[in-house]
Amino acid sequence: MQLDSKCPQGPIETRWDRHQFSLKLVNPANKRKHTIIMVGTGLAGGSAAATLAELGYNVKCFCFQDSPRRAHSIAAQGGINAAKNYHNDGDSVYRLFYDTVKGGDFRARESNVYRLAQISLNIIDQCVAQGVPFAREYSGYLDNRSFGGAQVSRTFYARGQTGQQLLLGAYQALERQIGTGQVAMFPRTEMLDLIVIDGRARGIVTRNLITGEVASHLADTVVLGTGGYGNVYYLSTNAKGSNATAIWRAYKRGALFANPCFTQIHPTCIPVSGEYQSKLTLMSESLRNDGRVWVPLKKGDTRPPSQIPEAERDYYLERRYPSFGNLVPRDVASRNSKVVCDEGRGVGETGLAVYLDFRDAIQRLGRHVIEERYGNLFEMYERITGEDPYQGPMRIYPAIHYTMGGLWVDYNLMTTIPGLYAIGEANFSDHGANRLGASALMQGLADGYFVLPNTINDYIASTKLEKVDGSHGAVAEAEASVQATTRRLLEAKGTRSVDSFHRELGKLMWEHCGMSRTAEGLKLALGSIGELREQYWREVKVLGTDEGLNQSLEKAGRVADFFELAELMCLDALERNESCGGHFREEYQTPEGEAARDDEHFSYAAAWGFRGVGNAPELHKEDLTFEYVHPTQRSYK
Amino acid sequence: MRITLHIWRQENAAAKGRMVRYEVPNVNEHMSFLEMLDVLNEELIAKGEEPVAFDHDCREGICGMCGAMVNGVAHGPLAATTLCQLHMRHFKDGDTLYIEPWRARAFPVVKDLVVDRSAFDRLIAAGGFIGVSTGSAPDGNAVLVPKEKADLAMDAAACIGCGACVAMCPNASASLFMGAKIAHLGLLPQGDAERDQRVVAMVAQANAELFGSCTNMAECEAVCPKGIKIEVIARMNRDFLGAKWSGRGTAKE
Ligand SMILES: Cc1cc2nc3c(=O)[nH]c(=O)nc-3n(C[C@H](O)[C@H](O)[C@H](O)COP(=O)(O)OP(=O)(O)OC[C@H]3O[C@@H](n4cnc5c(N)ncnc54)[C@H](O)[C@@H]3O)c2cc1C
Ligand code: FES
């Protein structure tokens, strides 16, 4: 398949404007005649559903939580980037574009990233107008802070709850449309398959999680804003329910899946404490503004941190990266933590942790300033660990956090199935091989408020969409396939719980497809995952029935998809014989231990096509060209 | 530690529920409350018994999905803490805990500890928003917001919509939840234009949902995991009276 990104040509500054002008419009009276299915109510889905409804489309909107307000976006802490340059510190749309392309280690599309940086300006305006209580200075002006991978202050925030406040803004806009009847909301309803008719996405099959009822919904287009797939690893910073099912079933219906192995490991999470651990908690990256990361200089130094004198501490990020210091991008910070822990210099009971120390910041700024900036994060740390971070340093360790990979989409955010769109973390579009902090919220809202509502008109206006109804064979076939999967899971009647399989899968992935990867390890993982997947279908134990609420059954379906996705991730990681961003192959590193990219052979997005479970998928390549930001070895020294 | 649990089991909305006793012999003090329930559920599955259904998602105290009454207190004994953030180190070996779902007419039980809180969404749909459509916003710094106001608005906006306030209130009133939204939006210049309409519409919706009225018991404030203060209720009442007196903000029919 020839992948056409549909990116406009010519000067990058005007590409989006020119492209928008070239798109066909749907007049307001006709919008009323069209129905759009929106799966997901996170920042991407919630903002898109509200905006499409404001424009006059009929929207059917779905989420698996009991309320659209609870989408995983709610948990984002640190902030959202925008190139407002309110601080006159040299920021600009171009600089945000540049930082994002470089931060992504030259594996993202320039056109998309430039558009993202441009739209960042409108997002802040929109959110302020909705009542998002962003942090303010005493003068009443908007406040900013800095985040990793940038040397300017361009991150807007609402205490440590930025995602919550942005999502509530989108949710309230969505509820307003639900109130007017323009959006029909289906909470506690999970999409389990995509309906493709005559080569076009025309609907979804869902299961009502309360009644168990399987139903089909038909529409003119389908949009997936279903979030990322970090939970493949079992332990991650994602909410427990976050899953890949929607995008995975779309993949199995023909949508290409791009760069599945590009996962982000966040450097500052609370370390694992025991076998029962159900998830990992992130400590916002904003903490690296004031916290200093260090480990003891000597191996196996078990003294409490307060008794380790200054001269025997290794502030390794400041030492290795003097210009970015503690604010190096996430992939670099995470890898360095692993290196020092592998050297035996890790701290805490497990030796799998490093210190994040606020002693100097508290001395310099006073405790009240630190409290004001990070109060709720410090409380959260204390609540979980029982230790007071005002008294001694936090212990942190990297954890799976975000997935840059996702469904392949063109510049219009359409997947390779006509009429199927993917927005937010569910697509692969803007972050390349590594996402910069505070850029996911920006991308989710850019896609939902501003990009999709413009590009979707073009498809609706230029496509003859025949009327379809439930009697179409494709509908019955998709429903039957959903029911067959459910039955298979319930009838396996094995001996092991879903969680026990999921944990085992997670361990395999963390070990072999995590912070660093090798060809050998990946091959091993591929074998083991395939075996475990087969065992899963034989030995999984799901009690209860498919009538009514059955949380084990919900999990079972999601984990089944994680198995297949995990294999694709390993395959993609194995195929990419280079290191870039979050994908670090031990075989490919510079003499200083940094990621060694191979632009000559791997300057492309890898888009995989499904060819049956257990069969090798087909690889398509979208070549990436860089006209503005020329690929160099990333340096944060 | 060893903990004895009495948990409300109810098959579905129509079924009759009952308390069932379970022993969890191997609780680790660093576990969260929900991780303890995970451990129990794994044991139940091993024995062939259906696991306890409970809502949860973020497990970071922010999504508002989790919640149950623990010994009669919403989200358990620790102040300003959701159930998912409550760790077992706050309990003792040998403790007995009674775990029940939220109880309120407006929140019917779905199964075990899971309840239906969609009434909260309908309150927001009635008026808990600022009616600005995408694209029409002025520059973010065009309207200044004094820091104190922004901070107070943020205090109120921190509500996670978990429903503990309703569950704990003897009248099952949603006043803290509504007051928080009304204060958040009303404190900001951007939300001022719809202030009258908002409060009138939300109060009317609350009555339709069978939430009770507030009689200043302040039980809600005591259990709110985000520390939202009952001042927001006073503010809501002021807004409501103001709107009614002046005849502004008549509810939508
Ligand atoms: C702890 C944490 C902190 C973060 N902090 C930041 C930050 O400070 N700045 C930043 O920029 N980014 C941050 N991120 C990343 C960012 O929050 C996410 O990438 C982003 O919110 C994803 O938004 P989304 O709309 O794509 O998906 P989500 O918010 O995950 O929403 C997914 C939606 O899809 C629905 N859904 C999923 N599957 C189905 C299905 N099969 N059927 C029906 N519905 C379905 C869900 O119900 C939900 O409504 C953070 C992430 C985490 C985990
Ligand atoms: S699970 Fe999200 S608040 Fe408890």
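B:L210 has a relative accessible area of 43%, so this residue counts as partly exposed (buried means under 20% relative accessible area, exposed over 50% and partly exposed in between, with a 1.4 Å probe and protein chains only). B:L210 sits in the chain B loop between α6 (195-208) and α7 (219-223), where helices are DSSP runs of H or I of at least four residues and strands are E runs of at least two, numbered from the N terminus. Its phi is near 70°, a positive value in a residue other than glycine.

A word on the ground rules: this is a predicted model, in which local features need pLDDT of at least 70 and side-chain atom pairs count only at pLDDT 80 or more, while totals for chains, interfaces and linings use all residues. Residues are numbered from 1 along each chain as its sequence is written, chains are lettered from A and ligands numbered from 1 in the order in which they are written, and side-chain values use heavy atoms, leaving out hydrogens and water.

B:R59 also has a positive phi without being glycine, here near 55°. You will find B:R59 in the loop between α1 (33-47) and β3 (69-70) of chain B. A further residue to look up is A:T632, in the segment after β19 (618-623) of chain A. The table sets out the accessibility of these residues.

| Residue | Class | Relative accessible area |
|---|---|---|
| B:R59 | buried | 5% |
| B:L210 | partly exposed | 43% |
| A:T632 | partly exposed | 44% |

Beyond its neighbours within four places in sequence, A:T632 is in contact with A:F106 and A:R597 (contact means heavy atoms within 4.5 Å).

Now for chain A as a whole. Chain A has 17 helices and 19 strands, and its C-alpha trace spans about 75 × 60 × 50 Å along the principal axes. Of the 637 residues in chain A, 67% are buried. Among its contacts between residues at least 6 apart in sequence, 73% join residues at least 24 apart.

Inside, the largest nonpolar core has 234 residues, and those with the most contacts within it are A:I80, A:F134, A:M509, A:Y536 and B:F211. Helix α16 (residues 551-575) of chain A gives the most to this core, with 13 residues. Such a core is a set of buried Ala, Val, Leu, Ile, Met, Phe, Trp, Tyr and Cys residues joined through side-chain atoms within 4.5 Å. Apart from it lies another core, of 30 residues, including B:V20, B:Y22, B:L37 and B:A68.

Not counting residues up to four places away in sequence, B:F211 touches several residues, among them B:A119, B:F120 and B:L123. These lead us to helix α2 (residues 118-127) of chain B, which has 9 of its 10 residues buried and so is largely enclosed by the rest of the structure. B:A119, B:F120 and B:L123 are among the buried residues of α2(B). The buried residues of this helix pack against α6 (162-180) of chain A, as well as against α4 (164-168), α5 (175-187) and α6 of chain B.
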